[in-house]
Amino acid sequence: MKKKTYSEEQIIGILREANGEKTVVQICKDHNISDKTYYRWKHKYGRMEVADARRLRELERENVELKKIVADQLLNIKVLAHVNAKKW
């Protein structure tokens, strides 16, 4: 079964529908998602606005970049320490 991906804006819109008269079951049926998916989204995006979700995505992307930089630097340090440990 093909997974449909929703953007943060769409997820927040779906979560906002629950504030109205619709029940969680009806919202899940309308958007073809499971209850578990709904509550996982609610846990992650529950009190966010669209701007907050965009900022979160940007920060997560930046965090990945920084982790790559740290890993590269750690590798360089270990290689240099290994080379310097040899007696010439």
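**Exercise 1. Determine which residues Glu8 is in contact with, leaving aside its neighbours within four places in sequence, and whether Glu8 is buried or exposed.**

Solution. Once neighbours within four places in sequence are set aside, Glu8 is in contact with Tyr45, Ala53 and Arg57. Contact here means heavy atoms within 4.5 Å. The structure is a predicted model, in which local features need pLDDT of at least 70 and side-chain atom pairs count only at pLDDT 80 or more, while totals for chains, interfaces and linings use all residues. Residues are numbered from 1 along each chain as its sequence is written, and side-chain values use heavy atoms, with hydrogens and water left out.

Next, locate the residue: Glu8 is in helix 1. Helices are DSSP runs (H or I, at least four residues), numbered from the N terminus. Finally, Glu8 has a relative accessible area of 16% and is therefore buried. The classes are buried (under 20% relative accessible area), exposed (over 50%) and partly exposed (in between), with a 1.4 Å probe and protein chains only.

**Exercise 2. State which salt-bridge network includes Glu8, and describe the pair formed by Arg54 and Glu9.**

Solution. A salt bridge is a side-chain nitrogen of Lys or Arg within 4 Å of a carboxyl oxygen of Asp or Glu. Side chains of opposite charge can pair when their charged atoms come close.

Step one: the network links Glu8, Glu9, Arg54 and Arg57. Step two: within the pair of Arg54 and Glu9, the closest N and O atoms are 2.9 Å apart. This pair links distant parts of the chain, since Arg54 belongs to helix 4 and Glu9 to helix 1 (residues 8-17), 45 residues apart. Step three: Arg54 counts as partly exposed because its relative accessibility is 46%. Glu9, with a relative accessible area of 26%, is partly exposed as well.

**Exercise 3. Find the salt-bridge partner of Glu49, and place Glu49 in the chain.**

Solution. The partner is Arg16, and the N to O distance is 4.0 Å. Glu49 lies in the loop between helix 3 (35-45) and helix 4, whereas Arg16 lies in helix 1, 33 residues apart, and the pair thus links distant parts of the chain. Glu49 is partly exposed because its relative accessible area is 48%. Arg16 is also partly exposed, at 29% relative accessibility.

Leaving aside neighbours within four places in sequence, Glu49 is in contact with Ile12 and Arg16. By contrast, Glu49 and Val24 are 25 residues apart in sequence and 20 Å apart in space, C-alpha to C-alpha.

**Exercise 4. Explain how Glu58 and Arg55 are placed along helix 4.**

Solution. The side chains of Glu58 and Arg55 form a salt bridge with an N to O distance of 2.9 Å. Because the two residues are 3 residues apart in helix 4, about one helical turn separates them. Glu58 has a relative accessible area of 41% and so is partly exposed. Arg55 is partly exposed too, with a value of 42%.

**Exercise 5. Describe how helix 1 is oriented to helix 3, and list the residues that make the contact.**

Solution. The axes of helix 1 and helix 3 come within 10 Å and cross at roughly 105 degrees. Helix 1 is therefore roughly perpendicular to helix 3. Axes are lines fitted to C-alpha atoms, for helices over the stretch in contact, and angles run from 0 to 180 degrees between N-to-C directions. Angles under 35 degrees count as roughly parallel, over 145 as roughly antiparallel, 65 to 115 as roughly perpendicular and the rest as oblique. Helix 1 contributes Glu8, Ile11, Ile12, Ile14 and Leu15 to the contact, and helix 3 contributes Tyr38, Trp41, Lys42 and Tyr45.

**Exercise 6. Characterise His82 by its place and its accessibility.**

Solution. His82 is in helix 4. Its relative accessibility is 53%, so His82 counts as exposed. His82 and Ile27 are 55 residues apart in sequence and 59 Å apart in space, C-alpha to C-alpha.
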